[in-house]
Amino acid sequence: MTFKGWMAFAFALATPVAVGAQAPPIALTWESAFKNNMGARGAALSPDGRFAAVSANTTDKSGIFLVPVAGGTPQFWVSGTGAEWLPDGKGIVFVEDNDVWTVAVGSTTPRRITNDKNDERALQASPDGRTIAFYSGRSGNQDIWLVPTDGSAPARQVTKKSMALDDFRYAPSWSPDGRRIAYYSNKANYWHDDVWLVDVASGREAQLSRSLMAMSTPRWSPDGKTIALMGNVKTDFWYEDLSEIFLIDVETKAESKVPMQVFATDLLNNHTVSWSKDGKELFFPYHERANVELWRVPVKGGVATRMTNMGGTFRSYDAAANSSGFVFVRSTPTRGSEIDYFPIGGGAPRQITNFASKWQGLVEPEEISFRSWDGLYIQGFVFRPPGFDPAKKYPALVQVHGGGTNSFYAGLSLQEQKLAQEGYVVLAINYRGGSGFGRVFQDLAINDWANGQALDAAKAADFIRAQPWSTGKVGIYGYSYGGITSMAAITRSPDTFDAAVPMAGIYDFADAYENADRLGKVFLASGHGGSPKDRPSIYAISNSLSRVSQIKTPVLIMHGEADVRAPFRQYQMAVEILKREGKVFESKSYPNEPHGFRNPDNQVDMYTRLSAWFAKYLK
């Protein structure tokens, strides 16, 4: 787009949202945390690298904004999410009301391409811009469908039984000549995520990879001869956030690792690998000690070097097709999700949006370490109440993160900030088994799930009580794997915590193996080395329900009733045993809520109950 074209476009669009506009900071409440948390949600760079199409929620608008990366005023464009550029840079494809839409640069009138009751996601335009590929569950599975960009024909299905209906990972990947699409599927083996190819014209499908477990969207090299992706060797542990980068020769199907001194981070399957325009370099995210940065390595391997020094974490990023730069959806402990731009030549990143909510009273957490039960030092982040006075006494909380192989990341953590504002010192810990500290550290949890991790949490409480500001009252809480670790801690170290709130956890891994969704089962089998039938002694180590009789801590347990990742049955079993054993506890379940809650009213209710529980027993 020329400068004149940009100015004409800007004039034609709705009232601009200024980059530098500063709304007054808002009070942090549970209501505002879950309902007024505005900010950027996604970004795609135009092919020439000059503009970003940004999906964002602001106090005034919700939709897609056009943002000049060189600086200037973002312009609201259209309602919708998931924007991706057409290859010629003349427009975008996006999703609104679960349908596919397009809109041209210079226009605010979008065109609806699909109009049905089915879902569409992960849109990708073909190299010639004439066809849009997307995932949909309309077939009863997650499959790839194609629709003409001009809407001249209905969508047609090109893959068959690609993945389970509830598996929403990754996106279709077009070959440079537009003849094939790379995708992932487990149809060759229930336990494996393999890379497959489908011929667009004929619909013929063929398995491409054999030895690796795919961990990211596959990406084609510019010459179409090679596919790069993150993954793990199938015979290894299913490492999350510390993956290898694999190259697959499309014709010979040969697989090889890119040799380098670090790993790549998929961050819960959100990230992938990017190619340079000349096909000689690869770019990838890597997580170290709570921070996520962008790295570069030659395709042939060698010394990988860190490109950015931003701090914080980014949940998604995009590279310009001409290799001119990158955009990140990034947050820090005191800044919500904004878009930062980093040029290929280096330098410091530049913030190019100002969409996120501004909060009153946020504190910068202090990074510390504490000595654990076996001599290891565990990383922690201390959130202190605003105006913290070391001469006064404070109750404290230990936060245990979700994703047992993931981490507590240095992004915005409103729950911890809000609890600090309520007068608690909150210590968020990166217990053993998580990413960011190398694979040896991550391997410590294999065959020992929930056990050594729970003891790390207990030692965090001991560390707190040794501080002069501590009242001696310490609680523990966590969601998902944090719920697992919370329950594990109070069953394995029963005299340590004064109150506990496990949420959406698994408390008997063997039972969960029978009724969790596929990804849950893969995680359980990988971490325990097999099935409960084959590894009963290992599953006994991770079982917290068999230890409920040891609990001395008042427990508030909460769960979503539609959860299949951590099956709702886990909550039901725990409540039954807590009641039978005569423990002090309360329980709350939420109808229709899956593992990731969708109704903000229920999130507000959950954390309001958590806050009241800790106030009752710690204050």
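These are legends for a few close-up views of one predicted protein model.

**About the model.** Residues are numbered from 1 along each chain as its sequence is written. Since this is a predicted model, local features need pLDDT of at least 70 and side-chain atom pairs count only at pLDDT 80 or more, while totals for chains, interfaces and linings use all residues; side-chain values use heavy atoms, with hydrogens and water left out.

**View 1. Confidence along the chain.** pLDDT is the predictor's confidence in each residue, from 0 to 100. The protein averages 94, and 96% of the residues score at least 70. Residues 1-20 stay under 50. Where pLDDT is low, the predicted coordinates should not be read in detail.

View 2. Look for S243 in the loop between β19 (226-233) and β20 (244-249); strands are DSSP runs of E, at least two residues, and helices are runs of H or I, at least four, numbered from the N terminus. S243 counts as buried because its relative accessibility is 0% (buried means under 20% relative accessible area, exposed over 50%, partly exposed in between, with a 1.4 Å probe and protein chains only). Its side chain makes a polar contact of 3.5 Å with the side chain of D266. A polar contact is a pair of N or O atoms within 3.5 Å; within protein, one must be able to donate a hydrogen and the other to accept it, and residues adjacent in sequence count only if both atoms are side-chain atoms. Leaving out residues up to four places away in sequence, S243 touches several others, including M215, F263 and R439 (contact means heavy atoms within 4.5 Å).

**View 3. N232 and R439.** N232 sits in strand β19. Its relative accessible area is 1%, so N232 is buried. The side chains of N232 and R439 are joined by a polar contact of 3.2 Å. Among the residues that N232 touches, beyond four places in sequence, are W238, S243 and F246.

**View 4. Helix α8 under cover.** How many of the eleven residues of α8 are buried? Ten are, so you're looking at a mostly covered helix, residues 518-528. The buried ones include R518, F523 and H528. Among the elements covering them are β17 (212-214), α6 (481-492), α7 (509-515) and α9 (536-542). Just after α8 comes G529, with a positive phi of about 80 degrees.
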